[in-house]
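Colleague: I have a few questions about this chain. Please take me through each answer step by step.

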Amino acid sequence: KAKNARSKRFLTNREGKVVENQKTAIIIRGSSTSQVIIDTLRDLHSLSKPNVINFTKKNEIHPFDDETGIEFFSRKNDSSLFAIGMHSKKRPHNLILGRTFNHQVLDMVELGVERCVAMHQMKAQVCAVGTKPLMVFSGEAFSQDEAMMRLKNILLDFFRGEAADMVSLKGLELVISVTAGAPAPGCGQAVHLRTYTTAFKKSGLRQPRVELEEMGPALDMRVRRVRHADDAMWAQATKVPREVKDVKVKNVTRDGLGDKYGRVHLGKQDINKIQTRKVKALKKRLDAKRQRMDVD
């Protein structure tokens, strides 16, 4: 129970809302790390700014074996996304990406980083902090493989940024490309992540010519372990509040381009009662006179 106004505002901000706050990510180092993992976590922190908290101290945490540690950090920092880096002989250069719901682990994917080219090694122009990225996913595995579909969903949550109805063309400075490679025998699916900045050059037309320059990081990874969400928790996490749902209007539809169409229903029409032009040839008395003449 809140003891003063400040603590009351703090607790109110953490309560469930119809429109939730922007998701916050936490980046944690394991008890043992390598330089590859340190560079990877540092660049993930740079891409996720400003809604990210970076822990530089080492922590004894193994979410696939014990979830209490990550749930404690999630509850303490009010975060719903996490990235954990660790290194061991059994699982070298290990990276775990996951999500929590109601401060309980929802799902997570374990990746092995085989190659990492950090931002500071590229020596290229870096985009502004908080830039909303353009995400590109290439490969059939992202629509057919369950583990890759889960990874795609987590990456979209990680780099989504602020919700926006419209984005300016000049604001598209960051492009994140994720490509699914061929799975090797006895190994998981390969994942290649590349990051680019956009440069708008003169083209002689109204639209500029867009060029991509690799910014970093460049990560080559392989999927190791996957923890799928529980069906009941997933249904609760993806439930849409009634206040947010669009109110369905009868006989009004929209197409794929957003154009609105209405349907109007008319009653049965009696052709004999329709008002027509008053022409002598259509008068009833003339028609009756002709009929009598035909009888005679």
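Colleague: What share of the accessible surface of the chain belongs to carbon and sulfur atoms?
Modeller: Keep in mind that this is a predicted model. The accessible surface of the chain comes to about 20,500 Å². The part of this surface that belongs to carbon and sulfur atoms is 51%.

Colleague: Is the chain a compact globule or more spread out?
Modeller: The chain has eight helices and twelve strands. For 296 residues the globule rule gives 19 Å, but the radius of gyration is 31 Å, well over that value, so the chain is more spread out than a compact globule. Along the principal axes, its C-alpha atoms fill a box of roughly 115 × 60 × 45 Å. The answer, then, is more spread out.

Colleague: Is Val244 buried, partly exposed or exposed?
Modeller: Val244 is in the loop between α7 (231–237) and β11 (252–254). Its relative accessible area is 40%. Buried means under 20% and exposed means over 50%, so with 40% Val244 is partly exposed.

Colleague: Which residues make the nonpolar surface patch with Val244?
Modeller: The patch covers about 330 Å². Besides Val244, the residues that make it are Val18, Val19 and Val240.

Colleague: How far apart in space are Ala184 and Val36?
Modeller: Ala184 is found in the loop between β7 (174–180) and β8 (190–201). Ala184 is partly exposed, with a relative accessible area of 25%. In sequence, Ala184 and Val36 are 148 residues apart. In space, C-alpha to C-alpha, the distance between them is 22 Å.

Key. Residues numbered from 1 in each chain as written. Predicted model: local features only at pLDDT ≥ 70, side-chain atom pairs only at ≥ 80, totals over all residues. Heavy atoms only, no water. Helix = DSSP H or I, 4+ residues; strand = E, 2+ residues; numbered from the N terminus. Buried < 20%, exposed > 50% of the residue type's maximum accessible area, 1.4 Å probe, protein only. Patch = residues over 30% accessible without salt bridge, like charges linked within 9 Å, V, L, I, M, F, W, Y side chains within 5 Å. Areas by Shrake-Rupley, 256 points an atom, 1.4 Å probe, with all protein chains shown as cover. Salt bridge = Lys/Arg side-chain N within 4 Å of Asp/Glu carboxyl O. Rg over C-alpha atoms; globule rule 2.2 N^0.38 Å.
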